[in-house]
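Please have a look at the sequence and structure first.

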Amino acid sequence: MLERQSFSTQGFVHYRSSQIFREFKEKPFFVNEQASDISNDKFDSGSSVADASTSKNDEIMAMTSMIEKNIISDDGLELDDAGSGFSYGEFAKSYPFINNVMIASLKTAAADFIAQSVIAQTPLDQIDWERNLLFGAFGAFYLGMFQYAYQVNIFKKLFDVDKFTSQSWEEKLKDGPGLKALAAQTALDLTVLTAIYLPTFYIFKASVFSGSTDPIVWASTGFDTYQTNFAKDEIDLIKVW
């Protein structure tokens, strides 16, 4: 009930503030003019005119105060998130790279935690947090940093992805240059997955399961596994595509 009331209050402030500021921008001296109109057409009493003028001035002063306190924007249309000063949506738009790293890290660490606690039935007091940290690091560095730089800064600049994906199936099948670009995208992505993702994955896996703390052992074990599984992994990658 309290949440519903709070939402209604915010909605009213949005609505009323937008009315006041739109009127004020279009007609800055509306108070005096309205007071004159009211006096000539509707009222015989000067006190009614004064009341109407005072009421409008009070509303303007209240809206100005809300702007100074960062409750609404200077156009009177937007409320700050419950006065907290932080909006995740705005943060994600302003810092997409950092946001992507955060999500990738948490997602990968959460996936390992589920694998240990749910799938492997490991008691919470026996969770391998070092392993969990390594999975989080893999998510941060490869999925968060490298994939973002690759997909956003390189991939989208090489290919007009948005144009092709927005077409209907019939248009796509008739788009010769678009189909060629799609084949090139597939080849490039398979190359990146084969040459960068798989070796990185196997090295991180070796760091968790090899039982050694020596990075040289991780790299050696990881590359050995990569070479052993190369043919099978390539077939699986093509199937996924």
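E170 is exposed, with a relative accessible area of 53%. This is a predicted model, and in it the side chain of E170 meets that of K174 in a salt bridge, with N and O 3.2 Å apart. K174 is exposed too, at a relative accessible area of 65%.

Both residues belong to helix α8, which covers residues 169–174, and they sit 4 residues apart, about one turn of the helix. An α-helix has 3.6 residues a turn, so residues three or four places apart point the same way.

Helix α11 (residues 230–240) holds another pair, D236 and K232, 4 residues apart and separated by about one helical turn. They form a salt bridge whose closest N and O atoms are 3.0 Å apart. K232 counts as exposed at 55% relative accessibility, whereas D236, at 29%, is partly exposed.

How many salt bridges does a search of the whole structure find? The search finds 3. Besides the pairs described above, there is one between the side chains of D112 and R131, at 2.6 Å from N to O. D112 lies in helix α5 and R131 in helix α6, so this pair ties together parts that are 19 residues apart in sequence. Both D112 and R131 are buried.

## Helix α6 and its kink

Helix α6 runs over residues 129–158 and has a kink of about 35°, centred on Q147. At the start of α6, a side-chain oxygen of D128 comes to within 3.2 Å of the backbone nitrogen of E130.

Q147 is itself buried, and the buried residues of α6 also include R131, N132, F138, Y142, Y148, Y150 and F155. What do the buried residues of α6 pack against? Their partners are α5 (96–119), α7 (161–165) and α9 (176–209).

## A buried aspartate without a salt bridge

D189 is found in helix α9. Although buried, D189 has no salt bridge, and the nearest side chain of opposite charge, K107, is 14 Å away. A salt bridge needs the nitrogen and the carboxyl oxygen within 4 Å.

Which side chain does D189 join through a polar contact of 2.9 Å? That partner is Y150, one of the buried residues of α6. Leaving aside neighbours within four places in sequence, D189 is in contact with Y150, Q151 and W241.

Terms used: Residues are numbered from 1 along each chain as its sequence is written. This is a predicted model: local features need pLDDT of at least 70, side-chain atom pairs count only at pLDDT 80 or more; totals for chains, interfaces and linings use all residues. Side-chain values use heavy atoms; hydrogens and water are left out. The bend at a residue is the angle between axes fitted to the seven residues ending there and the seven starting there. Helices (H or I, at least four residues) and strands (E, at least two) are DSSP runs, numbered from the N terminus. Buried means under 20% relative accessible area, exposed over 50%, partly exposed in between (1.4 Å probe, protein chains only). Contact means heavy atoms within 4.5 Å. A polar contact is a pair of N or O atoms within 3.5 Å; within protein, one must be able to donate a hydrogen and the other to accept it, and residues adjacent in sequence count only if both atoms are side-chain atoms. Lys and Arg count as positive and Asp and Glu as negative; His and the chain ends are not counted.
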